[in-house]
Amino acid sequence: MSTINHLMVLYSGGTIGMQGSDRGLVPAAGFDARLHERLAAESQRCMPPWRYRELSPPIDSANMNQQHWLAMRDAIVAAVEEDGCDAVLLLHGTDTLAYSAAALGFLLLGLGVPVVLTGAMLPADVPGSDAWDNLFGAVDALARGVAPGVHLYFGGRLLHGARATKLGSTTFGAFAELPRQRHGERAAALPAALDYRRIRQPVSLAVLPLFPGLQAAQLRALLGSGVQGLVLECYGSGTGPSDDAELLEALREARRRGTVLLGISQCPHGHVAFGTYAAGNALSEAGLLGGDGMTREAALGKLFALLGAGLSADETEHWLRQDLCGECADLPGASA
Ligand code: ASP
């Protein structure tokens, strides 16, 4: 246990700490009491010195929003800078765990400590729950040594925070890193504008999967709703309805107004290469920037970190092209 001197256990809610009600599982506060009880019952279990905080009120992560991302970011920074913690374990609901892991990966750039998110498919009080295996597995991974940055631990595996996705709704091994090709170039240096100290504000963002029959008017309505950034989930290697001049014009107009348009592949194993097809080139010419092999979670979190920092559309596009934490470049050792 020598690699961690002080661990912060942050509890945000989620199934791991939920209790039954007549309407189904609901979040419950006070997870630290259950953790103490468990440690008392498992006398052989080692924990590094730890502190505990919870975000109030604990939530079902289905209710997660940008304000919660910012609150979790603040709590993690306070744990490090005020409480002197050198590692953080964040307990979180599984439904949006991968989104928070990705967003925090960008919001905590440069912080220099390992942050591991975990949760459970069954509440800790339920016999046979995966809660304690996930929680103690994450602690053990941290104690063995995890690289600085944000990671997700689940079902016995440590995953890269900006590459993981929830693939199952009941299985204990619900998370995986999708094998998406990544060709991005690592940013040479982290600008102060993207450092974890940078204050972020909520921004209006949207994600839209392309589907056969999408109408230009529908896209125009979304783009006209004031979104500052759109993640468009394209087909295959970055194609879309290139025969629809009105739809392409809606994209062009939005880009002219300063909306950032980021294209990713909706194929679980895909990545964007607009030049492969004329139908991809048309999207690129309409103002869509290629997001390479970024997942939806990473694309949304990165857009938030950039636009939320007040960067212009051009500056945002500049940093979207560069790999910031392993989201679009394969980095050896990124996930210890
Ligand atoms: N709906 C729950 C949540 O995301 C699911 C879970 O934690 O597994 O908080």
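Me: Why is W132 called buried?
Reply: Its relative accessibility is 7%. Buried means under 20% relative accessible area, exposed means over 50%, and partly exposed is in between (1.4 Å probe, protein chains only). The value 7% is under 20%, so W132 counts as buried.

Me: What makes F136 buried?
Reply: Its relative accessible area is 3%. That is under 20%, so F136 is buried.

Me: What kind of model is this?
Reply: This is a predicted model, where local features need pLDDT of at least 70, side-chain atom pairs count only at pLDDT 80 or more, and totals for chains, interfaces and linings use all residues. Residues are numbered from 1 along each chain as its sequence is written, and side-chain values use heavy atoms, without hydrogens and water.

Me: How many aromatic pairs are there?
Reply: Rings of Phe, Tyr and Trp (its six-membered ring) pair if their centres lie within 6.5 Å; planes under 30 degrees apart count as stacked, over 60 as edge-to-face and the rest as tilted. The count is five aromatic pairs. One of them joins Y11 and F31.

Me: Why is the pair of Y11 and F31 called stacked?
Reply: The centres are 5.3 Å apart, and the planes are at 20°. The distance is within 6.5 Å and the angle under 30 degrees, so the pair is stacked. It links distant parts of the chain: Y11 in strand 1 (residues 7-13) and F31 in helix 1 (residues 31-41), 20 residues apart. Helices (H or I, at least four residues) and strands (E, at least two) are DSSP runs, numbered from the N terminus. Y11 is at 0% relative accessibility, so Y11 counts as buried. F31 is also at 0%, so F31 is buried.

Me: How do you know how W132 and F136 are arranged?
Reply: Their ring centres are 5.8 Å apart and their planes at 25°, so the pair is stacked. Both lie in helix 4 (residues 131-144), four residues apart, about one turn of the helix. Ring pairs link Y11, F31, W132 and F136 into a cluster.

Me: How do you know where the buried residues of helix 5 lie?
Reply: In helix 5 (residues 216-223), A216, L219 and L223 are buried. Down the axis, the buried residues fall within an arc of 65°, so they line one face of the helix. The arc is that of the directions from the helix axis to the C-beta atoms.
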